[in-house]
Structures are given as C-alpha cells and as structure tokens.
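Subject: A structure for you to look at

Hi there,

Here is the structure I promised to pass on. Please open it beside this email and follow along as you read.

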Amino acid sequence: MECIKTQNQTMTVFYLALQYLSNASRCYLPKQPRNKHLDLVFSIADDSFVVYPSEDSKCVFLFNYKRLTLEWTVNNLPKVIRLNGTSHKQLLKWIRMVFKEAGFEKTYKYISKNKERFPIDDSYVFELEEMIDFERMVHLRVVAHQAIHKILKDHDWVRPIRIQSFTLSSYVKVKWKTTYDVSMLFGFAIPNSMIDQHYCYVICYHGNRKITITGMPPLRNGYWVDNDVVRGAVLPADTLTPRIAAAFFNEVLRAYRKKIFHTGAK
C-alpha cells in the first residue's frame with residue numbers, strides 16, 4: 001500500500017478527520033473482505049464525506065469539509081461539533097455521547113493506522129486557519145468524481161464510487177460486458193510515496209491480474225506508469241478540469257479496448 005505524503009497541516013487535518021468516520025464503521029459494521037466496510041462515501045451535494053454506521057442506514061455520520069464539522073444525524077435530528085479549536089479528547093467524548101444516545105451499546109474506539117505520519121493523542125487540537133489549500137484539494141476530487149460519474153453513465157455501469165479510508169483514494173471497479181474476464185478501475189488519489197501530487201488513474205485487470213501496459217500508445221492527457229502503486233495510466237491533477245479528466249478516462253479506455261480486442265487480455 002502506498003504511503004500518503006504528509007505535505008502540510010491541511011493534509012493532516014483532512015486525514016485525521018476522516019479517520020473518525022472509518023473508525024465508526026470499524027466499531028459498528030460487520031467486517032467485509034479487503035476492509036470494504038471501512039470505505040467512505042463522498043457526497044458533492046452535501047459537501048461531505050459520509051459513513052452509515054448501522055446496517056439499516058438510519059444513522060448518518062459525516063465530515064462536512066466546508067464547515068469543518070463532524071455531524072451526526074439519527075431520525076433526522078442533527079448534532080454538530082466543530083473541528084477547529086477542538087481537541088481529540090473532546091471529539092471522542094462527543095462521538096461516544098451521540099452514539100450512546102442513539103442506542104449503540106458498544107463504545108466507540110479510535111484506532112490510528114498511520115501513527116508515524118499522522119500522530120494523534122488526547123491533547124491534539126485541530127487547527128486550520130487557511131482554507132485555500134483545503135478547498136483546492138477537495139475541488140480536485142469533485143472534478144475527478146464528476147468525470148468518473150460521467151464515464152460510468154456513458155457506459156451504463158452502475159457502481160458507487162468509494163473512498164479507501166487509509167489511503168483516501170477514490171475508486172470504482174467495473175466489469176466489461178464481454179467474453180473476456182476484464183475489469184477497469186477508475187480512481188483519484190492524493191500525493192503518496194510514488195506520485196508527488198494529486199492524480200487520476202486507470203488500471204485494467206484480467207481476472208485479478210493487472211494487464212501489462214507494454215506497447216501502449218502515448219496519451220494526449222496523462223501518461224503510462226508501471227510501479228508498485230499503479231500499472232496503468234496516470235493524469236496529474238495540477239491542471240485538472242472536467243474536460244481534461246473526462247478526455248483522459250475515455251482515451252485510456254479506448255487504448256485498453258484496442259489492446260485487448262486485437263491481442264487478447266495479457
């Protein structure tokens with residue numbers, strides 16, 4: 001798994017805030033293969049990252065990235081706590097209180113999976129005075145998600161886009177309706193140990209094996225990579241726009257189609 005690059009306080013606040021959500025899923029949802037129960041949902045309409053910590057989806061726990069708040073809703077009754085100026089200890093106390101009031105018997109527990117890069121203890125206080133970097137970071141994800149939604153719609157692929165809680169990578173995997181056992185992974189990732197900036201990516205699979213990119217034509221948008229993180233196509237997000245993102249996903253999809261139908265899945 002790639003290591004998130006700790007660029008600044010913005011990334012730290014973003015990562016730690018989302019871990020409150022994934023830990024709610026860890027505590028209250030049944031374990032799923034590859035820890036899918038820990039995945040988050042990105043709601044552009046609600047300016048939020050969301051989890052549903054009960055199987056009936058009646059409870060909603062979210063991080064509102066515009067207001068910098070944790071928000072809890074059950075029976076349409078919301079409760080809110082602000083991150084800025086609030087300590088980790090205070091946030092844990094509030095989270096445990098709202099879960100207990102909602103009838104959850106098990107006590108909420110916070111487990112940090114990335115202590116080296118994102119250390120946190122009871123005394124940690126959230127502070128984010130400058131929102132420009134934060135807003136830009138979220139805007140890039142909005143653009144990427146909109147482009148992914150478009151390609152899903154254009155090809156009648158009905159699948160939700162999820163966010164992996166430990167890497168904060170958005171992803172959706174879809175299967176081709178062909179005789180080949182081929183699937184595509186469309187995603188968006190934050191800077192990590194392999195790629196130094198936000199980026200969109202596409203990986204193609206034959207079964208569970210990543211298809212080789214040998215002999216692929218150069219891309220007008222983005223480039224091909226083959227490393228420990230991605231064997232596929234990457235589009236750096238420094239100049240990301242809806243048009244460029246959509247063009248990238250479609251160009252890569254066409255390249256894989258041509259490769260597979262001319263040479264077979266390899």
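How many residues does α3 have, and how far does α3 reach from its first C-alpha to its last? The helix α3 is made of 23 residues and spans 33 Å between those two atoms, close to the 33 Å expected at 1.5 Å a residue. Please keep in mind that this is a predicted model, and that the values here are computed from it.

Are they buried or exposed? With a relative accessible area of 28%, N35 is partly exposed. L168 has 0% relative accessibility, so it counts as buried.

Now back to α3, which covers residues 132–154 and includes R141. R141 is a charged residue, yet it counts as buried because its relative accessibility is 2%, and the cut-off for buried is under 20%. What does its side chain meet there? The side chain of R141 makes a polar contact with the side chain of S170, at 2.6 Å. Leaving aside residues up to four places away in sequence, R141 touches several others, including F14, F42, F49, F188 and I190.

Last, the empty space. Rolling a probe the size of a water molecule over the atoms shows where such space is left. The largest pocket has a volume of about 1,100 Å³. Its lining is formed by 40 residues, and R34, K36, D39, Q164 and Y171 lie nearest its centre. Which elements give two or more residues to this lining? They are β2 (48–51), β7 (170–175), β8 (182–189) and β9 (199–206). β9 gives the most, with four residues. By type, the lining of the largest pocket divides into 19 nonpolar, 11 polar and 10 charged residues.

Enjoy exploring, and write back with any questions.

Best wishes

Technical notes
Residues are numbered from 1 along each chain as its sequence is written. This is a predicted model: local features need pLDDT of at least 70, side-chain atom pairs count only at pLDDT 80 or more; totals for chains, interfaces and linings use all residues. Side-chain values use heavy atoms; hydrogens and water are left out. On a 1 Å grid over the protein atoms alone, a cavity is a set of points where a 1.4 Å probe fits but cannot get out, and a pocket is an open set with protein on both sides within 12 Å along at least five of seven lines; lining residues have an atom within 4 Å of a point. Grid points are joined across faces, edges and corners, and a volume is the space filled by probe spheres set on the points. Buried means under 20% relative accessible area, exposed over 50%, partly exposed in between (1.4 Å probe, protein chains only). A polar contact is a pair of N or O atoms within 3.5 Å; within protein, one must be able to donate a hydrogen and the other to accept it, and residues adjacent in sequence count only if both atoms are side-chain atoms. Contact means heavy atoms within 4.5 Å. The expected span of a helix is 1.5 Å times one less than its number of residues.
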